[in-house]
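Visitor: I would like to go through this model with you. Could we begin with its open spaces and then turn to the contact between the chains?

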Amino acid sequence: MLALLFILFAGMAIGCAISMVAQRNPLYGAISLIGVFISLACLYVTLAAPFIAAVQVIVYAGAIMVLVVFVIMLLNVEEEERRPLRLRALVPIAIGLAAVLFAEAAFIIFFVQASPSTPTRNISDVGLTASIGSGLFTSYLLPFEVTSILLLMAVVGAMTLARRGGLLPANVGVVPGYQSFSREVLNPMATPDLTRVEARTSREAEELLGVADAPHVSLDE
Amino acid sequence: MEDLKHIVLLFVGILVAFTVVMTMVAYTVLAERRILGFIQGRLGPNRVGPGGFLQPIADLLKFIFKEDIVPDKSTRFVYFLAPTIATTAALMTIVVYPFGPEIHLPLIDKTIQLVVARFDVALLYVLGVTSVGVYGIALAGWSSNNKYSLMGGLRSSAQMISYELALGLALIGVILQSGTLDLYSIVEQQSGHLGISGWNMILAQPLGFIVYLIAAIAETNRVPFDLPEAETELVAGFHTEYSAMKFALFFLAEYVNMFTVSMLATTLFLGGWNGPFVHQLPALGVFYFLGKVVLFLFFYIWLRGTLPRFRFDQLMNFGWKFLVPLALINIVFTATLQWSGAFDFFAKFLKTSTGWGG
């Protein structure tokens, strides 16, 4: 029974993975990748690790791939054409590496499997939510927290990169004379706020827009 | 032999759960149309059968016999895949909900728990499968080759990702309090006086309950968060180009989602099958469970008849700047109560003062 399930989901995973690499339409590639994640999650369930399986589906299939699909849809990425292979010299090396990988797998299957495996203590509760939770917050607390700080840094970095420079490019020019802006233009963080902000001279407008010190051709003279 | 029996019982369980849910979903659609009619001062469908009772069957036949139109420049494969994903993901979560307590079946002489699959991470499973359901809508919008569909798909993915966060955070309070992800034991823990005083909603999670309720409405794309299919702006949103049975599948997915979200709310916050006299008469639990679910469904329909639609920026602000912080406050609050032992004290109080149900 378990072997049957393993063959089914392993086959699905490999098929989806091949399809993911071979697809020319990026969205089909993304869908295949989702298929890989879900079949891997099913494999985790057969390996008695339901928590990892659920997290795999929630995080990879549910969150990360949604973002990928979202970006593909937003950018409307077209099908890529088949181009002649670049770096053709690397093909034999790739084949060699693949052969090594297969040899390794064969070695493990035929020679290592026979040796007695070291049983983990308390095999029954490994992979259950409670044991993972207590493990994360006791013996592996430091790595856990360090990882979360790493992720936090990535978030902060993305925010600063996205926010830098505000709404306008630095070399923007300002129309001379009296002008008025909506507050929304001056501060992109102020959600639909159409309050009028006035500037009597172009100098004032530049200060409002935050481009006063930018080197640019002034139209005042 | 025992294995085979187990598998047969499993399939029977799935079939029963599926049938119950599908029947109730079909009649939810009818109820929605009748109740909306009542709210809006008209009759609603009342011609097919007594009081419109056979309307769901007429609707189904109509969906089956309609012409199936596929847009010329749609992405064929994905166009067919999208409704399948939406419906499958919606239906997959049914198996983990406990419909009732342990019941002795006289026919095969066996005591069974009225839940198809009981496992350690049931709650996470629900969240995972629900998050996969987003693809149905997003891909439908993309593959239709229609700007309104695409807008609807984009909106819905943004909305569902944002509100999934608030939803998940709202559930953490319950998990903290009960210390398990297994839905059956969460329900078991909620039996108090008369099967009512132990409900999580009453005990310590009123805030979590409200956050969950609002986020759940957004997750199912219902009024007032129905921006993905806002008919005044987007024709019909992501399913503009879908007709006949494929449209019916989206329709089905939406209502099944409504149903499963209500079942989760009942299970986690309203004590599931707990109620007066359940311990004496376990079969009563099924009726309590379904009755509470129906209450939620009525609430949904009532909202649809009452509230206008949000604007998109309002939706996002509300989700990220109000619901998520509220859910975080709830987590801190629950953790503090748990740490100070307030829950244990309360549970002991409930246990020592025995009532009819406790």
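**Pockets and interface**

Guide: In this predicted model, H6(B) contributes eleven residues to the lining of the largest pocket, the most of any element.

Visitor: What volume does the largest pocket have?

Guide: Its volume is about 2100 Å³. The lining comprises 40 residues, and those closest to the centre of the pocket are A:Ile58, A:Val59, B:Leu165, B:Leu169 and B:Ile172.

Visitor: And which helices each supply at least two residues of that lining?

Guide: From chain A they are helix H3 (50-75), helix H5 (129-137) and helix H6 (141-163); from chain B they are helix H4 (122-132), helix H6 (147-178) and helix H13 (312-339).

Visitor: How do the residues of the lining of the largest pocket divide into nonpolar, polar and charged?

Guide: There are 27 nonpolar, ten polar and three charged residues in that lining.

Visitor: Now the second largest pocket: how much space lies in it?

Guide: The second largest pocket holds about 1800 Å³. It is lined by 43 residues, of which A:Phe9, A:Cys42, A:Val45, B:Met92 and B:Tyr125 are the closest to its centre.

Visitor: Which helix gives the most to that lining?

Guide: H2(A) does, with eight residues. Helices that supply at least two residues each are helix H1 (2-22), helix H2 (26-46) and H3 of chain A, along with helix H1 (2-39), helix H3 (76-92), H4 and helix H5 (134-143) of chain B.

Visitor: What about nonpolar, polar and charged residues there?

Guide: The lining of the second largest pocket has 35 nonpolar, six polar and two charged residues.

Visitor: How many salt bridges does the rule find across the interface?

Guide: The rule finds zero salt bridges between chain B and chain A.

Visitor: Finally, what ipTM and pTM does the predictor give the complex?

Guide: The complex has an ipTM of 0.80 and a pTM of 0.78. For chain B, the average pLDDT is 83, and 93% of the residues score at least 70. Where pLDDT is low, the predicted coordinates should not be read in detail.

Methods: Residues numbered from 1 in each chain as written. Chains lettered and ligands numbered in written order. Predicted model: local features only at pLDDT ≥ 70, side-chain atom pairs only at ≥ 80, totals over all residues. Heavy atoms only, no water. pLDDT = per-residue confidence, 0-100. 1 Å grid on protein atoms, 1.4 Å probe; cavity = no way out; pocket = protein on both sides within 12 Å on 5 of 7 lines; lining within 4 Å. Points joined across faces, edges and corners; volume = space filled by probe spheres on them. Helix = DSSP H or I, 4+ residues; strand = E, 2+ residues; numbered from the N terminus. Nonpolar A, V, L, I, M, F, W, Y, C, P; charged D, E, K, R; others polar. Salt bridge = Lys/Arg side-chain N within 4 Å of Asp/Glu carboxyl O.
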